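The sequence and structure are shown first.

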Amino acid sequence: MLSSGTVSFLQRTAYLSIPLMMAWGVLSPLHVNAQESSPTLSPEDVQLRDGTETEMTPPSADPVPLNPNDIRPLSLNSSFLSVEGGKRLMQEADSAVQSENYAEAEKKLQEARQVFNQLSNFYQQLATSFSGVDNRIADSQRNLARDTAQMRDTATYQLALLHRAKNQPELAVPLLIQIIRSQAPTRDLGKKAYQQLLELGFVSDPFPRTGSGNTQPTSTAP
């Protein structure tokens with residue numbers, strides 16, 4: 001038989017247990033719901049702070065390697081900045097003249113002049129840079145500079161003839177003088193350029209001079 005003190009203790013314990021059980025019943029569902037309301041986000045659901053979606057892209061692949069057979073692209077016929085490219089322009093100009101398309105021929109000759117002039121300047125710059133460092137390379141580049149300058153002057157002469165054929169002496173004369181300055185009057189192309197100036201009436205003294213006592217010696221230096 002329980003004493004009155006024991007009954008009193010049990011009653012107080014029961015009174016305290018009821019609120020604790022009620023509180024646990026309320027808190028437990030809230031804890032479960034909190035876990036269920038936080039699903040794992042997929043990469044597509046990730047967003048930046050400004051609200052824009054991120055792009056989940058794989059790392060970029062390595063660049064496609066160059067064709068090992070094209071390691072010297074400027075040596076190909078399709079290259080513009082090359083001797084072959086300049087020659088191709090000259091051929092296209094000649095074809096345009098044959099078809100009497102003088103506007104196209106003029107355009108191609110101007111382009112050829114520019115290509116050969118740039119090449120000559122670049123080769124000369126390389127020759128200067130290698131002078132005293134590697135004379136073999138310097139001499140090779142100097143020869144290329146001279147050869148491409150000759151091609152430039154040839155294109156210039158053809159352009160001057162084209163201007164003369166189109167009755168444009170004012171455009172031909174400056175080109176012919178450029179050739180004489182580049183080639184010197186004693187070289188073959190320089191003589192031809194001076195003869196054109198004579199025929200145009202820009203100069204009156206023939207060169208080289210002919211006649212007894214008036215023969216002007218010409219230089220055979222290249």
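Y194 is buried, with a relative accessible area of 18%, just under the 20% cut-off for that class. The model is a predicted one. F207 is partly exposed, with a relative accessible area of 24%.

The structure holds 1 aromatic pair. Y194 belongs to helix α6 (residues 188-200) and F207 to the segment after α6, so the pair ties together parts that are 13 residues apart in sequence.

| Residue | Relative accessible area | Class |
|---|---|---|
| Y194 | 18% | buried |
| F207 | 24% | partly exposed |

The second topic is helix α2. Helix α2 covers residues 83-98, and at 1.5 Å a residue its 16 residues should span 22 Å; the end C-alpha atoms are 23 Å apart, which agrees.

Which residues of α2 are buried? They are V83, G85, G86, L89, A93 and A96. Viewed down the axis of α2, the buried residues fall within an arc of 165°, so they line one face of the helix. An α-helix has 3.6 residues a turn, so residues three or four places apart point the same way. The cover over the buried residues of α2 includes α3 (102-130) and α4 (135-165). On the face of α2 turned away from the buried side are the exposed residues Q91 and Q98. Just after α2, E100 takes a positive phi of about 60°.

Conventions: Residues numbered from 1 in each chain as written. Predicted model: local features only at pLDDT ≥ 70, side-chain atom pairs only at ≥ 80, totals over all residues. Heavy atoms only, no water. Helix = DSSP H or I, 4+ residues; strand = E, 2+ residues; numbered from the N terminus. Expected span 1.5 Å × (residues − 1). Buried < 20%, exposed > 50% of the residue type's maximum accessible area, 1.4 Å probe, protein only. Arc of directions from axis to C-beta. Contact = heavy atoms within 4.5 Å. Phe/Tyr/Trp six-rings, centres within 6.5 Å; stacked < 30°, edge-to-face > 60°.
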